[in-house]
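Thanks for coming. I will take you through one structure this morning, and I will keep it plain.

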Amino acid sequence: MTIRIRHLLALVLAFVALAATLWVPAAHADDIILKVRVQNTAEETGAKKQPVEGVAVVAVDSAGNEVATGVTDATGVAELVVPAGGDYTVTLDESTLPEGLSAGDAGPSRTVTVTEGLGGNANFNLGSSGPEAESRLDRLPQTLFNGIRFGLVIAIMSVGLSLIYATTGLSNFAHAETVTLGAVVAWTVGTNIRIFGGTTGFSAFMQLAFATVCGVLVSMLFAGLLETRVWRPMRRRRIGLTSMMIVSIGIAIFMRYLIQFRFGAQPKSFPQFASQENWNIGPFGATPRDTIGMLVSISCIGGVAYMLMKTRTGKAIRAVSDNPDLSSSTGINTDRIILFVWLLGGALAGLSGVLFGLDEQVQWNMGSRLLLLMFAAITLGGLGRPFGALVGSLVIGLAVQLWAWLFPDYTDLKTVGALAGLIIILLVRPQGILGSKERIG
Amino acid sequence: MNWSLIFSNAIYAAIGVQAIGFALAAMGLNIHFGYTGLLNFGQAGFLLIGAYSVAIPVTVWGWNLFVCLPFVVITASLFALLLGIPTLKLRSDYLAIVTIAAAEILRLLVSTPKWTSWSGGTDGINSFTDDFRNAVPNPSAQYKLWKQPFTGYDLWVMIFGWTLVALFALLTWALIRSPWGRVLRSIREDEDAARSLGKNVFSYKMISLVLGGVIGAFGGVVLAIGNQTANPITFRTELTFFAYAILVLGGVGKVKGPIIGAMIFWFVISFSQEFLKNITDEIGWRAPEWLITANNFPFVRFMIVGGGLALLVVFRPQGIFGNRKEQAFDVR
């Protein structure tokens with residue numbers, strides 16, 4: 001019982017500080033905006049959603065009065081100004097839909113809850129009303145491309161998890177919440193603290209970059225504080241790895257629900273980047289947002305790989321993960337190396353949270369939904385091998401997308417494919433793709 | 001603030017269906033983790049197997065509900081064998097990853113809309129408890145525990161559930177005292193030592209996995225019959241983590257640990273839930289809006305669970321009843 005009260009106090013303070021970040025009040029807008037977004041998911045030009053222009057929409061309040069109408073613009077968005085918060089039913093005028101498109105499986109109406117200050121969102125994903133235009137084989141290159149893109153995001157998430165496992169032996173379940181925290185903070189900062197005024201083009205990009213930096217910093221701070229205030233004292237007390245893993249589960253659950261408590265259960269998207277035109281390069285289609293995201297992922301992984309192989313710190317990290325006692329007796333400051341790994345892992349997790357949030361949406365459980373895929377990726381690649389995490393992530397990303405391609409009727413089971421693949425590979429080659437045999441026994 | 005209602009709710013929660021289901025889940029984990037040192041993170045999968053092994057035969061094949069109970073033993077054992085054969089020879093982290101993945105696969109398989117005629121999709125299966133209702137003497141009688149009303153059906157579910165808990169506790173107690181149980185604990189302490197004494201570690205681990213899995217599956221049966229629904233939402237990964245919280249709270253490696261742990265756990269959950277509901281609703285004193293509202297108070301109880309689990313493991317890893325010397329925490 002000799003854990004110092006100082007540590008506990010600092011931990012409490014740290015959580016308060018983190019919680020305060022999430023407490024940023026919502027910006028008060030004068031008009032309450034109900035944003036309607038109409039997208040075409042039927043034409044699989046790039047498996048990305050295409051905005052649909054010129055669709056008439058109408059909002060009806062809970063008493064049945066028509067309160068606002070609008071027509072979608074070139075970005076597929078119509079902003080309806082509603083008089084007050086509450087529930088509204090938004091309906092598409094199906095006669096204004098382009099030829100060959102229908103309102104999709106969910107029908108032409110949505111009920112949306114609008115809150116004052118935050119507004120509300122209604123998303124319509126149109127389906128095809130005619131026969132499928134493109135054959136399945138034509139979609140294969142795009143599927144592979146999307147698989148690699150998804151795999152790269154998983155890779156920068158799981159590189160940190162893998163490095164932490166390699167240097168400390170801890171399977172850190174709270175890594176999922178580090179991811180979510182980065183995305184949630186970036187979303188909150190990006191929507192509430194405007195530094196760059198514009199909502200399009202370069203200034204929107206700069207605003208997003210600023211928000212991303214904030215998110216990454218908070219994730220890094222979170223990971224660093226956990227290391228210095230929780231894991232390091234526990235290592236000093238020689239508490240076992242299983243205990244530490246269960247503590248990380250506790251912290252993960254606490255943080256997950258703290259985020260839900262403050263951020264709410266509704267998914268939110270980065271507004272200015274929600275829909276963009278595709279750039280088509282050969283058989284591939286990608287929006288500028290995806291392209292930049294992919295370049296960021298690749299350069300991060302390249303940077304980490306360079307750092308591990310070529311720099312002194314990288315060598316020290318590899319030494320610590322091989323044998324912590326031996327490396328500390330050769331003069332490596334093990335605690336500093338481990339702290340560096342935590343900060344790096346936290347920063348990468350925060351960044352990947354923002355990238356994933358841009359790709360899909362920001363939600364309180366986005367990290368924990370992906371955690372299993374991250375564990376699957378690092379186990380597949382070989383536990384404790386940093387490059388194994390990269391290989392494993394790409395395999396997982398491709399497996400998920402290829403499942404959706406092979407079994408278009410069972411896309412909700414695409415995670416099952418990846419997880420079942422993990423179990424099968426463990427049967428055949430338990431050390432993973434890049435792992436060495438002595439680690440498994 | 002209606003204190004008597006809050007307290008009677010919390011007491012009912014401590015002996016009710018949820019507490020029984022989670023007690024059985026944690027008792028199974030106690031055999032895996034507490035006595036054998038197996039890191040099973042897929043207990044939710046065993047509960048799901050239990051619940052759906054009753055619900056699917058009754059609704060799809062028209063079996064009698066009580067005939068399904070032996071069937072639960074078979075399906076849960078098969079699931080344990082399926083998990084154990086590839087992983088029990090590997091290091092414990094692999095078992096953790098594989099069990100968590102397998103439980104999630106099961107949950108996704110029963111939630112998919114493609115097979116709703118079988119598994120009910122995300123709505124689950126809801127009408128399979130008629131046999132139980134017909135078998136008990138007075139299902140629609142009204143009772144009261146202080147201020148908390150409940151029906152005769154609930155009463156008989158509780159009697160059924162606590163009987164199962166007592167039987168399995170007795171079984172665990174007897175097994176752990178036997179020579180077989182001593183080998184199990186020696187595997188937890190030092191697997192190689194047990195192996196060098198000529199014990200077949202793999203088969204001991206496998207039997208432990210099957211036994212704990214079957215106990216957990218009956219937790220799922222109680223939850224399904226008590227809530228009158230078998231629903232994929234119930235069997236998320238978090239169920240496993242809550243069962244771990246219960247196990248650590250009561251004391252790892254103690255027969256009564258998970259039972260007392262489940263009662264305290266649900267008392268605290270229900271108490272905090274009702275208390276926060278009271279301070280955020282319209283009547284009486286209200287907490288300030290920036291702090292907590294009627295929309296977000298339900299998440300606080302999970303924050304208590306998570307924070308509580310972390311603090312317990314750090315400050316009192318032996319839980320309430322555990323023995324510091326016999327701490328089952330560091331499996332290899």
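Predicted model: local features only at pLDDT ≥ 70, side-chain atom pairs only at ≥ 80, totals over all residues.

Chain A contains 12 helices and 11 strands. It has 441 residues, and 47% of them count as buried. Now look at contacts in chain A between residues at least 6 apart in sequence: 73% of these join residues at least 24 apart.

Next, helix 5 of chain A, which will come up several times. It covers residues 241-263. With 23 residues at 1.5 Å a residue, helix 5 should span 33 Å, and its end C-alpha atoms are 32 Å apart, so the two values agree.

Now the contact between the chains. Chain A puts in 38 residues and chain B puts in 36 residues. On the chain A side, helix 5, helix 10 (366-381) and helix 12 (414-428) each supply at least two residues. Which helix gives the largest share of that side? Helix 5 of chain A does, with 14 residues. By type, the chain A side divides into 27 nonpolar, 9 polar and 2 charged residues.

On to a pair of helices within chain A. Helix 7 (residues 312-322) and helix 9 (residues 334-359) pack at an angle of about 105°, with their axes 10 Å apart. That angle makes helix 7 of chain A roughly perpendicular to helix 9 of chain A. From helix 7, A:Thr313, A:Ala316, A:Ile317 and A:Val320 take part, and they meet residues of helix 9 including A:Ile337 and A:Phe340. The residues of this contact divide into 7 nonpolar, 2 polar and no charged.

Last, the nonpolar cores. The largest has 204 residues, and A:Ala376 and B:Leu24 touch the most other members. Helix 5 of chain A gives the most to this core, with 16 residues. Leaving aside neighbours within four places in sequence, B:Leu24 is in contact with several residues of chain B, among them B:Leu164, B:Phe168, B:Ile215 and B:Val222. A second, separate core of 21 residues includes A:Val38, A:Tyr88, A:Val90 and A:Val112.

That is my last slide.

Note on methods. Residues numbered from 1 in each chain as written. Chains lettered and ligands numbered in written order. Helix = DSSP H or I, 4+ residues; strand = E, 2+ residues; numbered from the N terminus. Expected span 1.5 Å × (residues − 1). Contact = placed C-beta atoms within 7 Å. Nonpolar A, V, L, I, M, F, W, Y, C, P; charged D, E, K, R; others polar. Buried ≥ 20, exposed ≤ 12 C-beta atoms within 10 Å, placed from the backbone. Axes fitted to C-alpha atoms, helices over the stretch in contact; angles between N-to-C directions. Parallel < 35°, antiparallel > 145°, perpendicular 65-115°, else oblique. Core = buried A, V, L, I, M, F, W, Y, C linked by C-beta atoms within 7 Å.
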